[in-house]
Amino acid sequence: MGRKKIALIGAGNIGGTLALLAAQKELGDVVLFDVVEGVPQGKALDLSQVAPVQGFDAKITGTNDYADIAGADVIIVTAGVARKPGMSRDDLLGINLKVMKAVGEGIKANAPDAFVICITNPLDAMVWALREFSGLPHNKVVGMAGVLDSARFSHFIADEFDVSVKDVNTFVLGGHGDTMVPVTRYSTVNGIPVPDLVKMGLSSQEKIDAIVKRTRGGGGEIVALLGTGSAFYAPAASGIAMAEAYLGDQKRILPCAAYVDGQYGLDGLYVGVPVLIGAGGVEKIVEIALDDEDKAGLQVSVDAVKELLDACKALDPSLA
Ligand code: LMR
């Protein structure tokens, strides 16, 4: 059996970091695609020269031709524009929708059997549009959001309780926007729910509320600090975790933007929910019990995603 093939659509900051991580982890050979001539080729050459230093075996190539993604096992899409300070992710909808159309058609024509992970914003709408344009099965197209949002939540919780992040497990549901729903009841330090730790006096409700707020604005906090674009290390690491779950049939339960078809009383859209990822792609959507507050929060988030889908349909009638 030959090596797996990982195609990365978009050779910007996230694409380059994805390529480095995929190669270092020897997930397979990497094809870095971008429409800008020279950039994917240059980054691929630079990354290939890391291999002798770090001692990994992965062929890394750069291309401007969708034909080169043929036969990819996993495709991670970061193509499109990142927001700048003062912008919301939703401001990117018009420009990135056009990019998703080209990418979806490229995938449809060249790699229809791939497992596709979308990172482009506004995430929940773009993964939905990418699925529509590509025509792939819903369980083979998924959005990277909850893994990143939960990573941010986990980092802040580990910091607050001054514990190893390895012992922290958190869940963020809903859309990848300011209305996302960090669920503290399902967030634990070595199995102990965060609300119980608060009752034990190890933190205060005010501090946890502030962490929830900071998690919701986590992407924007980094956009404001960078000044020129958005986060890329943690988004790339999150995408790679999802790719590994698929390639290794790991059966991991990860919060992802997945297509809901009746689960949580929702259907016809992509939104962040816990899913089981294995060799079958999204093998299952895990329905956790939500209290009234979380349900209401999820509904607000879903309504925001629905508005974006309506905007996509208005901009591109082929989606209606
Ligand atoms: C993030 O959360 O870091 C990304 O969605 C990028 C952004 O614009 O916030």
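Mentor: Rings of Phe, Tyr and Trp (its six-membered ring) pair if their centres lie within 6.5 Å; planes under 30 degrees apart count as stacked, over 60 as edge-to-face and the rest as tilted. A search of the whole structure turns up four aromatic pairs. Keep in mind that this is a predicted model, where local features need pLDDT of at least 70 and side-chain atom pairs count only at pLDDT 80 or more, while totals for chains, interfaces and linings use all residues. Residues are numbered from 1 along each chain as its sequence is written, and side-chain values use heavy atoms, with hydrogens and water left out.

Trainee: How are the rings of Phe 115 and Tyr 246 arranged?
Mentor: Their centres are 4.4 Å apart and their planes lie at 20°, so this pair is stacked. The pair links distant parts of the chain, 131 residues apart: Phe 115 sits in strand β5 (residues 115–118) and Tyr 246 in helix α10 (residues 233–247). Helices (H or I, at least four residues) and strands (E, at least two) are DSSP runs, numbered from the N terminus.

Trainee: Is Tyr 246 buried or exposed?
Mentor: Buried means under 20% relative accessible area, exposed over 50%, and partly exposed in between (1.4 Å probe, protein chains only). Tyr 246 has a relative accessible area of 13%, so Tyr 246 is buried. Phe 115 is buried too, at 0%.

Trainee: And what kind of pair do Phe 232 and Tyr 233 form?
Mentor: That one is tilted, with 4.5 Å centre to centre and 40° between the planes. Phe 232 counts as buried at 19% relative accessibility, whereas Tyr 233 is exposed at 58%.

Trainee: Which residues cover the two faces of β5?
Mentor: Phe 115 and Ile 117 lie on one side, Val 116 and Cys 118 on the other, and all are buried.

Trainee: How many bridges join β5 to strand β6 (residues 141–143)?
Mentor: Two strands pair if DSSP finds at least two bridges between them. Three bridges join β5 to β6, and the two run parallel. There, Ile 117 stands opposite Val 142 in β6. β5 also pairs with strand β4 (residues 74–77), in the parallel sense over four bridges, and Cys 118 is the bridge partner of Val 77.

Trainee: What do β4, α4 and β5 make together?
Mentor: A crossover is right-handed if, with the strands pointing away from the viewer, the path from the first strand over the helix to the second runs clockwise. β4, α4 and β5 make a right-handed β-α-β unit. From β5 the chain crosses through helix α5 (residues 123–134) to β6, again as a right-handed β-α-β crossover.

Trainee: What does Asn 96 touch?
Mentor: Contact means heavy atoms within 4.5 Å. Leaving aside residues up to four places away in sequence, Asn 96 touches Gly 80, Val 81, Thr 120, Asn 121 and Met 126. Asn 96 lies in helix α4 (residues 93–110) and is buried, with a relative accessible area of 0%.

Trainee: Where is Gly 12 found?
Mentor: Gly 12 is in the loop between β1 (5–9) and α1 (13–24). Its relative accessible area is 32%, so Gly 12 is partly exposed. Gly 12 touches Asp 34 and Lys 43, again not counting residues up to four places away in sequence.
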